[in-house]
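Hello,

Here is the structure you asked for. My notes follow below it.

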Amino acid sequence: MTATHQSTDFRVTHLDNGMRVLTSARPGDTVCAMLFVTAGSRYESRDNSGVAHMLEHLFFSGTALRPSLRAVASEIDSWGCRFNALTDHEYTAYYVHGAAEYAEPALELIGDLIQNAVLPPEDIERERKVVLAELRSRQDNQRQACRQLANLALYGDTPMGWDTVGFPDVLRRLDRGELMTFRQAIYQPARMIVSVAGPVSHDEIVSVVARTLGTMAKSADPVVRPKPAAYQPPVNLAEIRDSRLAHLCLAGPGPAYDQPEHEMMAARLMNSIFGKSMSSRLFTAIREDQGLCYVIRSTMDPGSDVGAFLTATSVGPDNATRLVESVSAEMVRFADDGPTPAEMAKAKAIVKGTSALDREDATALARLSAFELMHRGFVRSRAERDALADLVSESDVVAAARRYLDPANLRCALVGPASAIDQLSGSKCLPSDTWRVGG
């Protein structure tokens, strides 16, 4: 094994089988032990869509040592810890968060589940029902449905545009053979990061991981890579729902992790000024000055080679067009005029403060550190991240605004009453010939 010392706060060791062990030092009484795997839904096809998320569920179904979900949950509950997992487009994460003294047993348990989950047919049938219920729950949440529709509008009928839970028709027929094939191809040590955040000894954590997950054989197969992602031409998507509000998400191309860090930081500062906070331009112009909505936010959703810049809100159907036109106007104004010195100073404070707050919780720190290691190959300390923000100039932010705040690139996702869809379909701010309506 080889060790790479990233900083006084972060240390990384590469095990002989290709697995990386990352520790993120933070004071306190709690630890999060996480297994982070580049095994998200982006690695699926239409024929097996949902397999990554289904596997996430089934890894908790039991091993020879812990024969059921009840046995797994009972053991973790006996420690007073919390456990969960999540599947995203580009990764899946499994974690246990609790008192610091349970770091070792948590890692042993995760190692057992990932290597030794049995996946019996009866568990697959049970979890099939659970996952289908989860998908219906996501679809019933109108804001969540709108966000998913925005992905589809931006990336089209591709893995990046699909719901990470999968398609109902595929979920109803996925069999054990397909699950095991995906598991064998994707769950390789070289794709795994064990990320532990808290008051831990890096050497002790490495020793535990080497004894558990470090025994996994190094795969002889080539590392599976996803197909390059791309944006589809602008299209506006809508679903008719019986609702008093129209839920809107305006989506356009955003920054990606294959861009230089300096460009990503400039985009973060731009987003802070444009719509991240309650003193942002969007919140001030649309919520405070016009009273069009209760809350409005812009966010970035970067991936490895593509990304999204999103503006989301809920609005009365009669004000849908006015709101979209106001957002477009703020985009143009920012790209034309750029930020003021006061806005730059505030944005840098927001980015620095948000970064510190996001990493205050051990689970968030473990996930964000692993995410950074996955995409960048290293983890920045807080001082290094702050220094990156300080180097960004007003002209850098203007360049980001002109790249990402272009109304011509907007796709609108709308979930709500037909009246809002009819109104926006006739608006000049979103071409009427690019609307597709369902629901």
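The largest nonpolar core has 68 residues, of which Phe36, Met270, Phe274, Ile286, Val327 and Leu424 touch the most other members. A nonpolar core here is a set of buried Ala, Val, Leu, Ile, Met, Phe, Trp, Tyr and Cys residues joined through side-chain atoms within 4.5 Å; buried means under 20% relative accessible area (1.4 Å probe, protein chains only). With eight residues, helix H9 (residues 261-276) gives the most to this core. A second, separate core holds 53 residues, including Ala39, Val165, Phe182 and Val208.

This is a predicted model, in which local features need pLDDT of at least 70 and side-chain atom pairs count only at pLDDT 80 or more, while totals for chains, interfaces and linings use all residues. Residues are numbered from 1 along each chain as its sequence is written, and side-chain values use heavy atoms, with hydrogens and water left out.

Now the sheet. Six strands form an open sheet with mixed pairing, in the order S10-S11-S9-S12-S8-S13. Strands are DSSP runs (E, at least two residues), as are helices (H or I, at least four), numbered from the N terminus; two strands pair if DSSP finds at least two bridges between them. Strand S10 (293-302) and strand S13 (435-438) are at the edges with a single partner strand each, so one side of each has no neighbour in the sheet.

Inside the sheet order, S8 (residues 236-240) and S12 (residues 411-416) run parallel and are joined by four bridges. Alanine 238 has leucine 414 in S12 as its bridge partner.

Regards

Definitions and conventions: Buried < 20%, exposed > 50% of the residue type's maximum accessible area, 1.4 Å probe, protein only.
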